[in-house]
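Subject: Structure handover

Hello,

Here is the structure for you to look over. My notes follow below it.

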Amino acid sequence: MLKVEQDFLSNRNILRGQLKQSPETVYALAFGAHPDDVELSCGATLLKIRSEGQTVAVCDLTRGEMGTLGTPETRKSEAETAAQLMGYQCRTTLDLGDSKLFNSEENLAEIIKVIRQFRPHVVFANSPDERHPDHIKGSRLVTDACYYAGLQQFKTTINGNAQEPYRPKHLLYYIQFKHLEPDIIVDISETFEASRKGVLAFSTQFYRSGITETPTTMINRPEFLTGLEARARYFGEQIGVHYGEGFKLSNILGVKLFTETF
Ligand SMILES: [Zn+2]
């Protein structure tokens, strides 16, 4: 059993819908338009970050209420189970409206509040080029929010208390449905298997042996889960390891210590 897996089994994380007054810094904050986007696309990297001793939080922008399968209630309980299995410090689910993720000042403010609450070094988000329109809209919103969160004049409050401006250092886009040429590939050979538990926690969304009465969707075909593994294997091959997760960079990556990277 992997070291990280043992850790997950004993994990009891606190889940919350409400932001607290005082900030609680995490190293990485992963946004998804819908509950399960994060687990499907960058879950193994989040586990890798945890295995390196850093903290991770997740924020779903919507409750996924427009999905063909499951209900907002089942998706909520699946998201909580996934958070426990993955060992997130916190999972916050906003209610910005599935299929209504408009680039409004109100939606931006909600996301900025989360960024200022967690003050992450690295943010993960949906890619700007994707099949689902919510992924594209969510990507735009998070990209804008990461920038505006650093502006003193963009005011946000939690329970009447003003938040301090904060801009994350890095914004990475994960690759989900549409194939994109990654700018970087993370070696996830040690955490891929464990990350499958986070994906399978969303049990209403994917193929289950013996369940035949649900409508067929793009992601509940049995081939979908093997397709995920095939992609991880393909990205792994690109860097000479077993499994990999690919990311697009939002900005050029600077190299501080040459010998740490090359
Ligand atoms: Zn999605």
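Start with a helix pair. The axes of H4 and H5 come within 9 Å and cross at roughly 60°. Axes here are lines fitted to C-alpha atoms, for helices over the stretch in contact, and angles run from 0 to 180 degrees between N-to-C directions. H4 and H5 are therefore oblique to each other. For that wording, angles under 35 degrees count as roughly parallel, over 145 as roughly antiparallel, 65 to 115 as roughly perpendicular, and the rest as oblique. The crossing of H4 and H5 is right-handed. That label applies if the near helix is turned clockwise from the far one by less than a right angle, and left-handed if anticlockwise.

The H4 side of the contact is Asn107, Leu108, Ile111, Ile112 and Ile115. The H5 side is Leu141, Val142, Asp144, Ala145, Cys146 and Tyr148. Contact means that the C-beta atoms of two residues, placed from the backbone, lie within 7 Å.

Two notes on the source. This is a predicted model: local features need pLDDT of at least 70, side-chain atom pairs count only at pLDDT 80 or more, and totals for chains, interfaces and linings use all residues. Residues are numbered from 1 along each chain as its sequence is written.

**Overview**

The protein has eight helices and nine strands. Helices (H or I, at least four residues) and strands (E, at least two) are DSSP runs, numbered from the N terminus. Of the 262 residues, 42% are buried. Buried means 20 or more other C-beta atoms within 10 Å of a residue's own, exposed means 12 or fewer, and partly exposed is in between; these C-beta atoms are placed from the backbone. Take the contacts between residues at least 6 apart in sequence: 79% of them join residues at least 24 apart.

**More on H4**

H4 covers residues 105-118. At 1.5 Å a residue, its 14 residues should span 20 Å, and the end C-alpha atoms are 20 Å apart, which agrees. The expected span is 1.5 Å times one less than the number of residues. H4 is largely enclosed by the rest of the structure, because 10 of its 14 residues are buried. Among them are Asn107, Glu110, Arg116 and Phe118. The cover over the buried residues of H4 includes S1, S2, S3 and H5 (133-148). After H4 comes Arg119, with a positive phi near 45°.

**The sheet**

Seven strands form an open sheet with mixed pairing, in the order S3-S2-S1-S4-S7-S9-S8. Two strands pair if DSSP finds at least two bridges between them. S3 (90-93) and S8 (184-187) are the edge strands, each pairing on one side only. On average, neighbouring strands of this sheet are turned by 25° against each other, direction ignored.

Two of the pairings are worth a look. S4 (residues 122-125) and S7 (residues 170-174) run parallel and are joined by four bridges. There, Ala125 has Tyr173 in S7 as its bridge partner. S1 and S2 also pair in the parallel sense, over five bridges. Ala28 has Val56 in S2 as its bridge partner.

Two helices pack on this sheet. H2 (residues 37-51) touches S1 (28-32), S2 (56-60), S4, S7, S8 and S9 (244-249). The direction of H2 makes about 175° with that of S1. H3 (residues 72-86) touches S2 and S3, and its direction makes about 160° with that of S3.

Is S1 enclosed or open, and why? Five of the five residues of S1 are buried, so S1 is largely enclosed by the rest of the structure. Both faces are covered: Ala28, Ala30 and Gly32 lie on one side, Leu29 and Phe31 on the other.

- Phe224 is in H7 (residues 222-238). It counts as partly exposed because it has 16 C-beta neighbours inside 10 Å. The C-alpha atoms of Phe224 and Phe206 are 8.0 Å apart, across 18 residues of chain.
- Val241 lies in the loop between H7 and S9. It is partly exposed, with 16 other C-beta atoms within 10 Å. Leaving aside residues up to four places away in sequence, Val241 touches Asp187, Ser189 and Gly236.
- Ser203 is in the loop between H6 (192-200) and H7. It is partly exposed, with 16 other C-beta atoms within 10 Å. Ser203 and Glu78 are 125 residues apart in sequence, yet 7.2 Å apart in space, C-alpha to C-alpha.

Best wishes
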